[in-house]
Amino acid sequence: MQAVGSGHEDDGLAALFAAARSVRERAHAPYSRFRVGAALRDEFGAIHAGCNVENAAYPVGTCAEAGAIAAMIAAGGRRVTAILVCGDGAGLVTPCGACRQRIREFALPDTPIHAAGSEGILRSFTLAELLPESFGPETLGE
């Protein structure tokens with residue numbers, strides 16, 4: 001495990017980690033009790049955060065990454081330059097398949113995605129590693 005606070009300040013990971021860990025505490029997870037926070041940096045350097053919001057009708061809950069992306073769009077950002085997902089679990093907490101595709105809409109294949117636990121970053125990936133040969137806006141000629 002790489003603890004945030006030991007050399008990551010230069011690349012902005014400490015701020016992403018702090019935002020994701022803080023917002024995770026406000027997650028609405030009464031059913032799973034599995035709280036997740038996500039924080040991303042946009043093309044302007046602003047940080048946007050989101051947490052999971054469960055619903056008694058399970059399919060209509062919202063993932064933390066989706067909340068962070070919605071906050072970015074609402075604030076005027078259009079490009080994810082880095083994202084950090086923070087959750088506790090027996091294994092790595094990485095974006096689900098649907099969120100990998102959501103991230104893909106606003107990120108490039110080399111965009112870093114960091115998986116963290118309470119104590120720090122556990123592993124880092126690129127979007128291409130988590131979603132190889134992805135379908136993106138350019139596929140549609142956008």
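The following conversation goes through selected features of a predicted model.

Me: What should I know about the model before starting?
Reply: The model is predicted, so local features need pLDDT of at least 70 and side-chain atom pairs count only at pLDDT 80 or more, while totals for chains, interfaces and linings use all residues. Residues are numbered from 1 along each chain as its sequence is written, and side-chain values use heavy atoms, with hydrogens and water left out.

Me: How many disulfides are found in the whole structure?
Reply: The search finds zero disulfides, a disulfide being a pair of cysteine sulfur atoms within 2.5 Å.

Me: Which cysteine sulfur is nearest to that of Cys51, and which to that of Cys63?
Reply: For Cys51, the nearest is the sulfur of Cys63, 11 Å away. For Cys63, the nearest is that of Cys99, at 3.7 Å, and Cys63 is in no disulfide.

Me: Is Cys63 buried or exposed, or in between?
Reply: Cys63 is partly exposed, with a relative accessible area of 28%. Buried means under 20% relative accessible area, exposed over 50%, and partly exposed in between, with a 1.4 Å probe and protein chains only. Cys51 counts as buried, at 15%.

Me: Moving on, where does helix α2 run, and what is its reach?
Reply: Helix α2 covers residues 64-75 and reaches 17 Å from its first C-alpha to its last, close to the 16 Å expected at 1.5 Å a residue. That expected span is 1.5 Å times one less than the number of residues. Helices (H or I, at least four residues) and strands (E, at least two) are DSSP runs, numbered from the N terminus.

Me: Which residues of α2 are buried?
Reply: They are Ala64, Glu65, Ala66, Ala68, Ile69 and Met72.

Me: What do those buried residues pack against?
Reply: Their partners are the strands β2 (36-42), β3 (47-51) and β4 (80-87), together with helix α3 (97-106). Contact here means heavy atoms within 4.5 Å.

Me: And what follows α2?
Reply: Gly76 does, with a positive phi near 105 degrees.

Me: Which residues other than glycine have a positive phi?
Reply: Arg33 is one of them, with a phi of about 60 degrees; Glu133 is another, near 50 degrees.

Me: Where are they?
Reply: Arg33 sits in the loop between α1 (13-24) and β2, and is exposed, with a relative accessible area of 65%. Glu133 lies in the segment after α4 (127-130) and is exposed too, at 81%.
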